[in-house]
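My notes follow in the order I made them.

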Amino acid sequence: MAFELIEAGGVRTSVNRQGSGSSLILLHGFTGSIRSMAALADRLAQRHTVVSVDLVGHGGSAKPPQPSAYDMSVAVGQVLAVASMLDRPAHLVGYSMGGRVALSAFALDSGHF
């Protein structure tokens, strides 16, 4: 896996990009990470450009000390920032907490999805 660190929504965010085709943003559940979604990402990358994201406090992304850094708005900001970096609208796939973040991001800005 080739991780890269980007600034997304004001958070140092670990992402992994793989595959080609329509864009898909993959979001893990609570206490998960990019690694916990790797098998799914590998399968999806056969037909899509998959951008897996470590949400704030998880995996290789920043783990700020202040509790306010873990508000839903922060994770949603990460996803919106990642989506804005893509050259076309993206599909969202989220498990558990990642699903909640995906729904919130879509509700705020469906133009990217």
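In which sense do β1 and β2 pair, and over how many bridges? I find them antiparallel, over 6 bridges; two strands pair if DSSP finds at least two bridges between them. The model is a predicted one, in which local features need pLDDT of at least 70, side-chain atom pairs count only at pLDDT 80 or more, and totals for chains, interfaces and linings use all residues. Residues are numbered from 1 along each chain as its sequence is written, and side-chain values use heavy atoms, with hydrogens and water left out.

**Entry 1: overall layout**

I counted 3 helices and 5 strands in the protein chain. Helices (H or I, at least four residues) and strands (E, at least two) are DSSP runs, numbered from the N terminus. Along the sequence I read the pattern β-β-β-α-β-α-β-α. The radius of gyration is 13 Å, close to the 13 Å that the globule rule gives for 113 residues, so the protein chain is as compact as a globular protein of that length. That radius is taken over C-alpha atoms, and the rule is 2.2 Å times the number of residues to the power 0.38. The C-alpha trace spans about 40 × 30 × 25 Å along its principal axes.

I then looked up burial and found that buried residues make up 45% of the 113 residues. Buried means under 20% relative accessible area, exposed over 50%, and partly exposed in between (1.4 Å probe, protein chains only). Of the contacts with a separation of 6 or more, 70% come from residues 24 or more positions apart; contact means heavy atoms within 4.5 Å.

I went back to β1 (3-8) and β2 (11-19). They form a hairpin with 2 residues between them, and G9 in the turn has a positive phi of about 65 degrees. I6 has T13 of β2 as its bridge partner. On to β4 (48-53): 5 bridges join β2 to β4, and the two run antiparallel. R17 is bridged to V51 in β4. β3 and β4 run parallel, joined by 6 bridges.

**Entry 2: S23**

S23 lies in strand β3, where 5 of the 6 residues are buried. Why does S23 count as buried? Its relative accessibility is 1%. Its bridge partner in β4 is T49. I also found a polar contact of 3.4 Å between the side chains of S23 and R88. A polar contact is a pair of N or O atoms within 3.5 Å; within protein, one must be able to donate a hydrogen and the other to accept it, and residues adjacent in sequence count only if both atoms are side-chain atoms. Leaving aside neighbours within four places in sequence, S23 is in contact with T49, L86, R88, P89, A90 and H91.

**Entry 3: cores**

Which residues have the most contacts inside the largest nonpolar core? I noted I25, L27, V53 and V82, in a core of 20 residues. A nonpolar core is a set of buried Ala, Val, Leu, Ile, Met, Phe, Trp, Tyr and Cys residues joined through side-chain atoms within 4.5 Å. β1, β3, β4, α2 and α3 each supply at least two residues of this core, and α2 gives the most, with 6 residues. Apart from this core lies another, of 6 residues, among them L26, M37, A41 and V50. In soluble globular proteins, nonpolar side chains tend to be buried together.

I took a further look at α2. This helix has 14 residues and reaches 20 Å from its first C-alpha to its last, close to the 20 Å expected at 1.5 Å a residue; the expected span is 1.5 Å times one less than the number of residues. Its buried residues include V74, V79 and V82. They pack against β1, β2, β3, β4, β5 and α3.

**Entry 4: loop residues**

Most residues other than glycine have a negative phi. T31 has a positive phi of about 70 degrees although it is not a glycine. I place T31 in the loop between β3 and α1, and it counts as exposed at 64% relative accessibility. S96 also has a positive phi, near 55 degrees, and sits in the loop between β5 and α3. S68 lies in the loop between β4 and α2 and counts as partly exposed, at 45% relative accessibility.
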